[in-house]
Amino acid sequence: MIRSYTVIDLQARCAALGHNPGPIDGDRGRRTNLAARAAMTERQVSSEALLFHTSGLHRIYLHWTAGARGVIHLEKKAYNGLVDHDCKRHLGKWSFEDQASYRAGVRGASGTLNSNTGCIQLAADAMAGAVEVPFNPGSAPMTWEQVDELCLWSAELSLAFDIPVSRHSILSHAEIQSTLGIRQRFKWDICWLPDMSRPGDPIECGDRLRDIIADKVEVLAFKQAA
Ligand SMILES: [Zn+2]
């Protein structure tokens, strides 16, 4: 069973499972209670903790590292998984499961500000020297091949840990502040995709990523069932 979750985690989990808790604000009100109850009924579980996967993992955050070619030690501490410029996967210092018992400076990847517990941190190793405005993709722009591999990895993790492909459970770093209300420091990963002339709306970019991930989940689930 999940060890610890916040009201925001519960609200986000309900939203991800299709039960609207009202605003994701960390305030436990009537709508949060109703959404939790509806989700428990639908999932046929007897406690809110059982709405979460037994691993304790419930969200995936997508990043770019702002790094150059070559995965470095610092990046392996910040992310559980990295996709390099040749689309090769690298595991970070900490396993996905370690995020469930994250402790700052002690255990787990720290890719996000105040939102690492229960959250898988995945990154494309790209965008060294990139500037948001005026836009300059820098010396190592993220490629479609990297995006595709990042999405495939997300799809696999979505199935492995029962993390729905939704705005509240698989999101880019740039979406965290507006969707979950957890302040980040001016993060713009991933507000730009390789076919864009400049960075765009974080949620629109996130929706495009989720569309790709959802397609891959469908294919993987079909293969698993066959
Ligand atoms: Zn990030």
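**A walk through the structure, starting at a cysteine**

Let's begin with cysteine 151, which is buried, with a relative accessible area of 2%. The model you are looking at is a predicted one. Is cysteine 151 too far from or close enough to another cysteine sulfur for a bond? The closest cysteine sulfur belongs to cysteine 205 and is 11 Å away, so the two are too far apart for a bond. Cysteine 191 is in no disulfide either; for this residue the nearest cysteine sulfur, again that of cysteine 205, is 5.9 Å away. A disulfide has to bring two cysteine sulfur atoms within 2.5 Å. Cysteine 191 is buried, because its relative accessible area is 4%. Searching the whole structure turns up zero disulfides.

Now follow cysteine 205 into helix H6, where it is one of the buried residues. Other buried residues of H6 include Ile203, Leu209, Ile213, Val217 and Leu220. In an α-helix there are 3.6 residues a turn, so residues three or four places apart point the same way. What lies over the buried residues of H6? The cover includes strand E1, helix H4, strand E5 and helix H5. H6 itself has 24 residues and spans 34 Å from its first C-alpha to its last, close to the 34 Å expected at 1.5 Å a residue. Look also at the start of H6, where a side-chain oxygen of aspartate 201 comes to within 3.2 Å of the backbone nitrogen of isoleucine 203.

Next, find the zinc ion. Which protein residues are its donors? They are His63 and His173, each through ND1, and Asp189 through OD, lying 2.1 Å from the ion. Along the sequence, these donor residues follow the spacing H-x109-H-x15-D. Histidine 63 and aspartate 189 link distant parts of the chain, since they are 126 residues apart. Histidine 63 sits in strand E1, while aspartate 189 is in the loop between helix H5 and helix H6. Histidine 63 counts as buried because its relative accessibility is 0%, and aspartate 189 counts as buried at 4%.

Is histidine 90 buried or exposed? Its relative accessible area is 16%, so histidine 90 is buried. The side chain of histidine 90 makes a polar contact of 2.8 Å with the side chain of aspartate 84. Leaving aside residues up to four places away in sequence, histidine 90 touches several others, among them Val71, Lys76, Leu82 and Trp153.

Definitions and conventions. Residues are numbered from 1 along each chain as its sequence is written. This is a predicted model: local features need pLDDT of at least 70, side-chain atom pairs count only at pLDDT 80 or more; totals for chains, interfaces and linings use all residues. Side-chain values use heavy atoms; hydrogens and water are left out. Buried means under 20% relative accessible area, exposed over 50%, partly exposed in between (1.4 Å probe, protein chains only). A polar contact is a pair of N or O atoms within 3.5 Å; within protein, one must be able to donate a hydrogen and the other to accept it, and residues adjacent in sequence count only if both atoms are side-chain atoms. Contact means heavy atoms within 4.5 Å. Donors are N, O and S atoms within 2.8 Å of the metal (3.2 Å for Na, K and Ca); water is not among the atoms, so sites may look incomplete. Helices (H or I, at least four residues) and strands (E, at least two) are DSSP runs, numbered from the N terminus. The expected span of a helix is 1.5 Å times one less than its number of residues.
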